[in-house]
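Dear colleague,

I am passing on a structure that I would like you to look over when you have time. My notes on what was found in it follow below.

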Amino acid sequence: SSGFPGSVRAFGVGLAYKRFLWKRLYGQVHSTAFRQNYLDENDEKIQSGFQLFNTLRFGYQLRLFKNRLFIEPSVAATWWPVNTNLPASFQVQEDKWRNFFLFEPGMHFGINF
């Protein structure tokens with residue numbers, strides 16, 4: 001339904017930094033480098049590429065059950081400034097969209113030990 005002539009499998013490694021700015025309000029930066037394998041409609045690899053994916057996130061940590069659990073509603077902006085070696089058929093579809101996305105909602109949760 002997206003018009004892409006196949007699929008992409010991505011494998012990556014990322015770095016993240018999180019800092020509490022004021023009380024439980026936080027900011028977080030992620031940067032992930034992906035190696036992407038482009039597959040045709042028969043799941044056969046046709047090409048490989050590289051993508052650098054970045055996220056800037058702001059949120060608030062809500063603590064529950066005497067600080068044992070937490071949830072973090074947040075909003076993020078994502079940007080992928082580097083996206084190389086796409087097959088021509090994928091590039092046609094990719095060119096229809098911007099290389100950033102604003103106001104992506106997020107909900108993280110966790111356990112404090």
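Helices (H or I, at least four residues) and strands (E, at least two) are taken here as DSSP runs, numbered from the N terminus. On that basis, and bearing in mind that this is a predicted model, the elements of the chain run β-β-β-β-β-α-β from the N terminus on, which amounts to 1 helix and 6 strands.

As for the overall form, the chain has a radius of gyration of 18 Å, whereas a compact globule of 113 residues would have one near 13 Å. Taken along the principal axes, the box filled by the C-alpha atoms is roughly 55 × 25 × 25 Å. Of the 113 residues, 26% count as buried, and the chain exposes about 8,100 Å², of which carbon and sulfur atoms supply 62%. Among the contacts between residues at least 6 apart in sequence, 57% join residues at least 24 apart.

The other feature to report is the largest pocket, in which about 220 Å³ of space lies. Its lining draws at least two residues from each of β2 (25-39), β5 (69-84) and α1 (88-94). The residues that line this pocket are Phe4, Val8, Gln36, Tyr38, Gln51, Trp80, Asn83, Leu86, Phe90, Glu94, Trp97 and Arg98, and they divide into 7 nonpolar, 3 polar and 2 charged.

With best regards

Methods
Residues are numbered from 1 along each chain as its sequence is written. This is a predicted model: local features need pLDDT of at least 70, side-chain atom pairs count only at pLDDT 80 or more; totals for chains, interfaces and linings use all residues. Side-chain values use heavy atoms; hydrogens and water are left out. On a 1 Å grid over the protein atoms alone, a cavity is a set of points where a 1.4 Å probe fits but cannot get out, and a pocket is an open set with protein on both sides within 12 Å along at least five of seven lines; lining residues have an atom within 4 Å of a point. Grid points are joined across faces, edges and corners, and a volume is the space filled by probe spheres set on the points. Ala, Val, Leu, Ile, Met, Phe, Trp, Tyr, Cys and Pro count as nonpolar, Asp, Glu, Lys and Arg as charged, and the others, Gly among them, as polar. The radius of gyration is taken over C-alpha atoms; the globule rule is 2.2 Å times the number of residues to the power 0.38. Buried means under 20% relative accessible area, exposed over 50%, partly exposed in between (1.4 Å probe, protein chains only). Contact means heavy atoms within 4.5 Å. Accessible areas come from the Shrake-Rupley method with a 1.4 Å probe; for residues, only the protein chains shown count as cover.
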